[in-house]
Amino acid sequence: MATSDTANGSSQSDWLRRYRWLLELGLFSCLSLFWLFLWAAQGKIYLGDDLGFHLNRVQGLYQQVISGHWGLGHIATTTFQGWGYPINLFYPAYTLLPMAILQVWFGGVHAYAIFLFLITLLTLYTTRFVGQRVLGSYYQGLLLAVLYSFSQYRVLDFFVRGALAEGIVFAFLPLVFYGAYSIAIGDVHQWYWLTLGMALIGLTHVVSLILASVLVLLTLGLFFLKRTGLKQRLGALFLAVVTTGLLDLTFLAPLMEQLHHMKGLGVMQFQLASSAVQPWPFLVNSAVNQMGSGQINLGWLMLMLLLLTLGVCWKFNGVERYLVGLAVVFVWLATTWFPWSLFQGVLGTIQFPWRFLAIASFLIALVGTRALVLVLPRNTRHVRGILLAAMVVLGIILNAAGFVSFFQNPYSNAITPESYHTVATDVASTDYVQPVSLPAMPALKTHSIVVMNPTKGKTTLRQLSRQVGADSFTYRLWSRRARRLKLPHLAYPGYQVTVNGHRQPLRQNRMAILLANVKQGTNIIRVAYVATTIQRVSAWLSALTWVVLLGWFGWKAWRRLRQ
């Protein structure tokens, strides 16, 4: 009888090992649906603070796809009010391309919901992977994935702030931490996870790249817990940094080119000491899971996990205690208790210190997972299953409570399939416009050369037509006399102006408005954005580096399968 029981147990374990991937896929799919269900079940989405901005970005990519141009495009010809806003030169759009492709098949509202489902699924997988590697067990990886993916700040980012790009970054932060952690403790062969995570963040959200760099820098403090192999660890770090730079060169090099030619940007600047959260309101809002955009918080679950961890961290080893301290530091960074006035010049571009709560949520979930396992009365499979189920149910309940709380605020900004196109094309953003050009924006948005060049008396100028293409605008214009005209476009490196088939030198006035010389009579004016030499070379270098890195990943996976 005992032999039979042993055989059955062994057979059951073999079955679980063989089909664990399928069970995991089912669990993660259900969790992603539960996380998203209330927010998307009614066939509409909710316009958080910045969501309209991001939907305009996606709509621009969608227009590129349906017009047969598979590149991302450089300027917004049909979105952001259609004057040629160079959004993709300043804000990376690479990770939004899947949503644009989904929109071809499912429409904007449903594509957004499916995309959030896929991003949550990816977040669960990357977090489980990192948790299993760092905490040493598959179960703890699962528990970490649940806690992190259902964290309050992640919900706030997606649904209240509408910060789509920052929400995507949640999927990559665990990889960044794991790569930096591995290098710091001496497992230098895992350096490429740092590269992969940082590169994906750099192709998603530049500000988050700065935040992640702070995470890397502070995680490397683990260097001092182990004083051997320093040369190898520094070498691995150098390799990770160089490779990351090459992978992101396709965006970073053109960005530097644009910034070099500009005299400031219209991006709003904030004093970090003022935009950080006040500690007491932050604590209260976290305790009651507030859901307002002016009530940024950590959430009840993360707060309780942090308190539990602080209560049992005396049982942790040195590395785990360091990570507890790191979690506390990132919470501290979000508040006015941190001396932000000293770092305004270095980190002013992050705008809001509470953005560090994304990193704090991951670290609290990480050390909180370890704390939960330590306080289990019995570490049996049955008890672990109860704990995991309890955390899943708690996450779902808190998510539902957040949804209810959201509707207690005076929001009336649901986006339906009927209103999606208007919202996704008409956002007025001037973040990447030079201050000297701002007074001209009302005229630029009329798309009219006549409005840009007002005359008194009888008509001397008529705009006969305007056509929009991929990265281009074509005007048919009649002029009573030869003259130099202001065009409804701003000058950025890469623009070309062609009049009647002849390319003209790029000219601009003191407000950075493009100029063109026209002849008497009918003229065809084409304003197009053409990739610069720096853009083309950096794109090829990045593409080659991605091919080499992914090929290396494939080779390692093939070797593992053979073994």
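Modeller: Let's start with a word: a crossing is right-handed if the near helix is turned clockwise from the far one by less than a right angle, and left-handed if anticlockwise. Helices here are DSSP runs of H or I with at least four residues, numbered from the N terminus. With that, helix 11 crosses helix 17 in the right-handed way. This is a predicted model, where local features need pLDDT of at least 70, side-chain atom pairs count only at pLDDT 80 or more, and totals for chains, interfaces and linings use all residues. Residues are numbered from 1 along each chain as its sequence is written, and side-chain values use heavy atoms, leaving out hydrogens and water.

Contact means heavy atoms within 4.5 Å.

Now zoom in on F330. Leaving aside residues up to four places away in sequence, F330 touches V214, L215 and L218, plus F356, I359, A360 and L363. F330 also sits in the largest nonpolar core, which has 184 residues; along with F177 and I525, F330 touches the most other members. Such a core joins buried Ala, Val, Leu, Ile, Met, Phe, Trp, Tyr and Cys residues through side-chain atoms within 4.5 Å, buried being under 20% relative accessible area with a 1.4 Å probe, protein chains only. Helix 5 (residues 108–135) gives this core its largest share, 14 residues.

Notes. Helices (H or I, at least four residues) and strands (E, at least two) are DSSP runs, numbered from the N terminus. Buried means under 20% relative accessible area, exposed over 50%, partly exposed in between (1.4 Å probe, protein chains only).
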